[in-house]
Amino acid sequence: MSLFRTKDIESMLIASRNDGLRKVLGPVDLVMMGIGAIIGTGIFVLTGTGALTAGPALTLSFVIAALACGFAALCYAEFATAIPVSGSIYTYSYATLGEIVAWMIGWDLLLEYGLATSAVSVGWSGYFQSLVAGFGLRLPTALTAAPGAVPGVDTLLNLPAMLIMLAITWVVSYGVRESARVNNIMVVIKIAVVVLFIAVGVWHVKPMNWQPYAPFGFAGIVNAAALVFFAFIGFDAVTSAAEEVRNPRRDLPIGIIGSLAVCTVLYVTVAAIMTGIVPFPKFEGVDHPVSLALQYAGENWVAGFVDLGAILGMTTVILVMTYGQTRILFAMSRDGLLPAKLSQVHPVHATPFHATWAVGIVFSLIAGLVPLAVLAELINIGTLSAFALISVAVVVLRKTRPDLPRTFRCPGVPVVPVLSVAFCLFLMAHLQALTWIAFLAWLALGLAVYFLYARRNAVLHR
């Protein structure tokens with residue numbers, strides 16, 4: 001039963017007060033962090049891919065994906081107020097479901113967050129190259145994409161994707177207050193760009209482009225929902241900031257639920273306008289669908305702003321997801337499941353410096369060498385499994401620790417958690433078989449690492 005040993009919540013709270021991290025974030029920072037993590041590749045890149053799968057009914061796909069996230073978000077919010085400690089669902093699982101479950105979900109999150117930063121870096125590269133091409137600047141073809149990413153074109157690596165990953169790694173390693181300021185500025189700009197697209201694009205909508213509304217039926221809508229679910233990944237990264245929030249029991253639910261609500265409205269609106277301007281088959285092979293819609297409408301001056309907004313938007317996603325991943329590494333290392341070096345806090349910057357650069361270097365290489373299409377589904381299955389687990393864990397916590405102080409309680413327990421699990425499993429069932437094979441292979445590797453290293457080095461074991 002030592003596989004399912006749990007950490008004492010009170011000792012976790014005490015340890016979090018003495019970890020060297022600075023408590024500097026407020027509710028606005030957390031909402032901005034959530035929006036910064038969510039609005040990026042999903043709205044500027046995957047809307048085109050989703051439209052090819054669902055047609056104009058992509059709006060319903062976003063609603064389905066948002067429901068799956070919304071139920072999970074309510075569960076996250078309760079945990080965030082009950083256990084305001086770094087590590088997100090990894091920490092919550094360690095306190096409720098046991099060590100091996102916590103390890104596996106932490107291992108899963110390392111893949112999810114890391115591949116998310118890599119995938120968004122690839123999308124960032126596409127928009128960046130589109131923007132600089134407008135000034136007559138072009139990279140050598142070999143440095144523009146990962147090997148095999150462009151059919152019939154010989155490419156070696158995606159250099160812009162690697163460089164932006166390393167630049168963001170430096171920002172995150174420098175300090176959380178500085179990272180939050182950079183994120184807040186870029187989030188304001190990218191929201192302004194999205195609003196500009198809506199304000200200009202709505203006048204060019206042709207309702208005939210919405211017919212037929214669901215050309216691929218309900219199956220197409222659900223398949224697209226499983227794909228664009230990636231667009232909502234990121235609100236859970238807010239919970240990773242728990243130990244650096246001034247008033248986590250009040251501010252974390254605001255950050256989680258507020259950011260998800262704002263982004264859902266923007267996603268559905270943009271998808272409706274985009275498919276109303278451009279007949280959905282024309283998004284085939286397009287990696288900048290929003291700016292394409294404006295070019296199609298003859299609003300080229302706005303298309304340039306959209307490229308800039310997309311670049312800033314994806315930059316904030318990379319920043320927040322990198323931040324979230326380093327805090328999970330930090331928590332796992334502090335618990336002894338990973339080498340102690342990864343939980344060392346820099347004496348000047350007050351950040352887990354070694355953990356930040358470790359993930360930055362590894363996933364910058366993945367961004368440069370792996371195509372976007374391969375990355376997106378792997379991220380989705382990892383996130384869906386994490387969301388399903390947090391929904392189970394909140395029911396367990398209600399049974400095992402009803403006395404634990406909570407400033408936010410997930411409504412409708414156990415109905416809402418059950419709906420969350422059902423939505424997640426439903427979307428997971430619509431992912432490709434190859435994605436499942438790769439995911440199970442990663443989990444098998446995680447089990448091997450747990451039994452060979454993590455279990456015997458765990459603080460609870462010692």
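Me: Which backbone oxygen lies 2.6 Å from a polar atom of the Ser333 side chain?
Reply: The backbone oxygen of Pro339 does. Keep in mind that this is a predicted model.

Me: Where does Ser333 lie, in which helix?
Reply: Ser333 is in helix α13, which covers residues 300-334.

Me: Is Ser333 buried or exposed?
Reply: Buried. Its relative accessible area is 4%, and the cut-off for buried is under 20%.

Me: What is Ser333 in contact with, leaving aside neighbours within four places in sequence?
Reply: Leu338, Pro339, Ala340, Lys341, Leu342 and Ser343. Pro339 is also the residue with that backbone oxygen.

Me: New topic. At what angle do α6 and α7 pack?
Reply: About 170°, and their axes are 7 Å apart. Helix α6 is residues 89-96, and helix α7 is residues 99-133.

Me: Why are they called roughly antiparallel?
Reply: Angles over 145 degrees count as roughly antiparallel. The angle here is about 170°, so α6 and α7 are roughly antiparallel to each other.

Me: Which residues make the contact?
Reply: From α6, they are Ile89, Tyr90, Ser93 and Tyr94. From α7, they are Glu99, Ala102, Trp103, Ile105, Gly106 and Leu109.

Me: How many of those are nonpolar, polar and charged?
Reply: The contact of α6 with α7 has seven nonpolar residues, two polar and one charged.

Me: How many residues of α6 are buried?
Reply: Eight of its eight, so α6 is mostly covered. Among them are Thr91, Tyr92, Ala95 and Thr96.

Me: And what about phi at Gly98, which follows α6?
Reply: The phi of Gly98 is positive, near 115°.

Definitions and conventions. Residues numbered from 1 in each chain as written. Predicted model: local features only at pLDDT ≥ 70, side-chain atom pairs only at ≥ 80, totals over all residues. Heavy atoms only, no water. Axes fitted to C-alpha atoms, helices over the stretch in contact; angles between N-to-C directions. Helix = DSSP H or I, 4+ residues; strand = E, 2+ residues; numbered from the N terminus. Parallel < 35°, antiparallel > 145°, perpendicular 65-115°, else oblique. Contact = heavy atoms within 4.5 Å. Nonpolar A, V, L, I, M, F, W, Y, C, P; charged D, E, K, R; others polar. Buried < 20%, exposed > 50% of the residue type's maximum accessible area, 1.4 Å probe, protein only. Polar contact = N/O pair within 3.5 Å; in protein donor to acceptor, adjacent residues only side chain to side chain.
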